[in-house]
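Hi,

Here is the structure I said I would pass on. Have a look at it first, and then read my notes below.

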Amino acid sequence: MINSSLKQLGQQLASKQVSSVELTQAYLQRMAQLNPTINAYVTIDEDKTLAQAKVADARIAAGEFGPLTGIPLAQKDIFCAKGWRTTCSSKMLETFISPYDAHVISQFDAAGAVNLGKTNMDEFAMGSSNETSYFGGVKNPWDVDRVPGGSSGGSAAAVAARLCAAATGTDTGGSIRQPASLCGFTGLKPTYGLVSRYGMIAFASSLDQAGPMAKSAEDCALMLNVMAGFDERDSTSVNREKEDYTRGLANMTGAQPLKGLRIGLPKEYFAEGLSADVAQVIETAIAEYKKLGAEIVEVSLPNNNLSIPVYYVLAPAEASSNLSRFDGVRYGHRAAEYNDLMEMYMKSRAEGFGAEVKRRILIGTYVLSAGYYDAYYLKAQQIRRLIAQDFVEAFKHCDVIMGPAAPSTAFKAGEKTSDPVAMYLEDLYTIAVNLAGLPGMSIPAGFAASSEGKALPVGLQIIGNYFDEARMLEIGHAYQQVTDWHTRMPEGI
Amino acid sequence: MALNLDDIKRIAHLARIEVSDSEAQETLNKLSGILGLIEQMQAVDTTGIVPMSHSQDVTQRLREDVVTKTNQRELFQSIAPATQDGLYLVPKVIE
């Protein structure tokens, strides 16, 4: 059951082979057993969760249900959920009980899904290993000495260890796709503006985007059907017609379902920085796509290397502004001792934020400060356009772009914590996609052996043109019809 | 543009984050490393390139100027560090 697809679970619920309460209890038991080791969830509230399962069962009994009614999901702790502690894995919000629901949460509530709990993450989504969390790191279920990636590391470990049927994540510079690669599941970052950011705690608003994290492309399609849609409460939510992201999946049969598809391989994604074992898995996956009928074209993203420096100007600049709201006045941590208002602000923020969050706020403050704006912020915005134009050019020659999602397999906990710049390079293949606002996904493509001989997952990244999610999910699904990487589970789980 | 300890103190004050003397050197080292990474941008000629602030070329939506939110002061203040008579309490700022 724990390895069932969302479609299979939905069928079992609809035919009353299993109730949502039973399914939910099964996951809660696994969480009680495994979460103390994995640390995927930071907040579990069995009463609230089971109450939702009961409501779902009543809806199913009344015949008023959809594909996700009664399905237990994990929610990244960046989404405000009414009555739930919502921390963003920060001491700043350690005791914050959200007074309202994020759009994503209310969409899942309306669909009748069950919230199993809030998942661990890098503090305020700033990190690529989940090690900046105030609540401690998350273990990669494939090798507990290694990180799950980040920032959506708790959701990633929960999906990989089957501690939920599926999960939500957010992706500002790779925070869905890199953990999907390191933990061996399917994760999709939609086009910027497709999923409302309302109630999603802001990091870098022009880049932040929520998306599904699940076992398969088909599961992601079902999740995205619930998550996507116009919301007037997010000023950048795109007002376009609702799509059914599962609509083309059934066509992905036969010998060459992808005949005519042009896959662009950016030469910059296969250059220095990519580890040899990952490169080999990606090449094998590309060969599989050729068998499915796709043709391969070489493309170029000449400014890709600049995406990291540009990101580390723009994202901290936006973060320094967004996180100014945490002032110890209206909610969040307030220092115990202070003499005046300035000291209250400075001590509350010094105590409430962790080291990486402070670094990014300070960098952001510096690049926006008087005299430096043109040299840093404006320059970064200009290069952002060059990076986005690289994709426009590449998509003249191909329908989708493929490559690695992360430069290596999961690394060991503590390996990169002392050097922020080394950690930032983890997102070499993902950040440009956020800067351009494009959709990107990572699907399990195989394994590479660790130095100790453990099998570590490798993800294949698929980058589509704007609002091409349905096609990307078909392309992922076609591959998952002829491979079984997405069904593999870590040993002992 | 190399930073020094005075810059760290100035930036920390602007950001309203207290950085103690003992933390300042470590902060300086880490921020200098990040700025070193950022410096790569300066090699690019961006003359005449229009800055891209956002991936979408859209304008802000407007709505009717009517009341859309209900007053939830008590709910929102229930999570505040300190309130009194429906007001948020902070240290005295006006003598």
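What radius of gyration does chain B have, and what would a compact globule of 95 residues have? Keep in mind that this is a predicted model. The value for chain B is 22 Å, while such a globule would come out near 12 Å. The C-alpha trace of chain B spans about 55 × 45 × 25 Å along its principal axes. Buried residues account for 16% of the 95 residues in chain B.

As for what chain B is built from, you'll find three helices and two strands, and going along the sequence they follow the pattern α-α-α-β-β.

Next, the place where the two chains meet. Chain A puts 54 residues into the contact and chain B puts in 38 residues. On the chain A side, the elements giving two or more residues are α9 (307-322), α10 (341-352), α11 (355-368), α12 (374-394) and α13 (420-424). Of these, α12(A) gives the most, with eleven residues. That side of chain A is made up of 33 nonpolar, eleven polar and ten charged residues.

Finally, the largest nonpolar core. It has 169 residues, and the ones touching the most other members are L73(A), A158(A), V159(A), C164(A), A166(A) and V313(A). The element that gives the most to this core is α9(A), with nine residues.

Cheers

Methods:
Residues numbered from 1 in each chain as written. Chains lettered and ligands numbered in written order. Predicted model: local features only at pLDDT ≥ 70, side-chain atom pairs only at ≥ 80, totals over all residues. Contact = placed C-beta atoms within 7 Å. Helix = DSSP H or I, 4+ residues; strand = E, 2+ residues; numbered from the N terminus. Nonpolar A, V, L, I, M, F, W, Y, C, P; charged D, E, K, R; others polar. Core = buried A, V, L, I, M, F, W, Y, C linked by C-beta atoms within 7 Å. Buried ≥ 20, exposed ≤ 12 C-beta atoms within 10 Å, placed from the backbone. Rg over C-alpha atoms; globule rule 2.2 N^0.38 Å.
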